[in-house]
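Please open the model in your viewer and keep the selection panel at hand.

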Amino acid sequence: MNNTLQARRPVTAHGARTRVLTGVKPTGDIHIGNYYGGIKPCVDLSQQDDFEVILMCADWHGLTNRAKILEAGEKTPGILAAYLALGFNLKGNALILQSAFPQILENSWYLSCVTSVGLLERAHAYKDALQNGKEPTGGLFYYPVLMASDIMTFDAEVVPVGKDQAQHLEYASDMGKSFNAATKKNVYFEPKALIQETPLLVGIDGERKMSKSYNNDIPLFGAAKDAEKRIKEIKTDSKGLDDVKDPETCVVFQMLKSFGSPEAVAHMKERLENGTGYGYGHAKKDLLDEYNRFFGAKRELYEHYLNEPSEVAKALEPGHEAMAKVADAVTTRARDALQLFPSLRSQRTAR
Ligand code: TRP
């Protein structure tokens, strides 16, 4: 195998910072569990000078289920608006839409041609679909190749993902290495997975991880009354007003911790541990107040972006432009390595 991959620095758009890329599928509506586990870490990273963060809305990945093929297009404006409203820093970083980059599809083809069917047959999502008696689409089968291309088309160095994506990252490395070995050229940059160990946020049933599909979530930008109703429904134990309560096992407290200010968190912790005159009703009220304080202003901004798609497009444009240069450079490297009739190509395209 080719081990020279790491030796080459990726093409840079924003100086010598470490290029971090991650993707989100535009499915479902976002809730505080997504905020805590995915959005916040990414927004925080985008505020740091050492990293160039590329956040991709992976709308093509959202198409793999035939019955829900329109969902990705419908949800994309909401995802982009949410990341902007929640503070993704566009300066020197990029929020990009996958379907704006045909280079990804081109590279995914090259990667698929060095990937054995057997490897794709062992992919979790595909195996699960088969096991559950579903009829997987070709798109679902191809999913890991497309994801590998998302990463390597932009010369990404580090890819933060949840544990469920670890296999996809291993596949991406394998595909990049196979391509480089097969062409004997150093085309794709091998990405490093950064597996995030954020503990899962439990939902309002107090049992399972927060998820829209379990209907136990607290939405971020749903109708204002929605969150209030959901917070009131949070299941707690039967401790009374004056019982001492353990914040570590208190769902209300864990939710507050996922977005609340240090002051609000410290206040609730103290009141729960103190155990005099502070019941779960009080805790829920404090959680709702903090929710409204923290997400209220952001909700206005979110709605503004939803209503003004042209402003979103304008905000994203510089990042798209910078990343298109990177994608073109990588794609040219791949074509050159494959010796795909370069002289004809250079007459016909700018690349
Ligand atoms: N497959 C990822 C998920 O379901 C989303 C994704 C698409 C992604 N492209 C990516 C993640 C590239 C990291 C890098 O969560």
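**Stop one: a helix pair**

Begin by selecting residues 262-274, helix α10, together with residues 280-307, helix α11; the two pack at an angle of about 180° with their axes 11 Å apart. Helices here are DSSP runs of H or I with at least four residues, numbered from the N terminus. Axes are lines fitted to C-alpha atoms over the stretch in contact, and angles run from 0 to 180 degrees between N-to-C directions. α10 and α11 are therefore roughly antiparallel to each other, a term used for angles over 145 degrees. Show next the side chains of Ala 264, His 267 and Met 268 in α10 and of Ala 283, Asp 286, Leu 287 and Glu 290 in α11, which form the contact (heavy atoms within 4.5 Å). By class, these residues are four nonpolar, one polar and two charged. Nonpolar covers Ala, Val, Leu, Ile, Met, Phe, Trp, Tyr, Cys and Pro, charged covers Asp, Glu, Lys and Arg, and polar covers the others, Gly among them.

The model is a predicted one, in which local features need pLDDT of at least 70 and side-chain atom pairs count only at pLDDT 80 or more, while totals for chains, interfaces and linings use all residues. Residues are numbered from 1 along each chain as its sequence is written, and side-chain values use heavy atoms, with hydrogens and water left out.

**Stop two: α9 against α10**

On the α9 side, select Val 252, Phe 253, Leu 256 and Lys 257; on the α10 side, Ala 264, Val 265, Met 268, Lys 269 and Leu 272 complete the contact. Seven of the contact residues are nonpolar, none polar and two charged.

**Stop three: α1 against α9**

Now select α1 (residues 32-46) with α9 (residues 251-259), whose axes come within 9 Å and cross at roughly 40°. α1 and α9 are therefore oblique to each other. Ile 32, Tyr 35, Tyr 36 and Lys 40 of α1 meet Met 255, Ser 258 and Phe 259 of α9. This contact has five nonpolar residues, one polar and one charged.

**Stop four: the ligand**

Finish at Gln 165, where a polar side-chain atom lies 3.0 Å from a nitrogen atom of the ligand.

Notes
Parallel < 35°, antiparallel > 145°, perpendicular 65-115°, else oblique. Polar contact = N/O pair within 3.5 Å; in protein donor to acceptor, adjacent residues only side chain to side chain.
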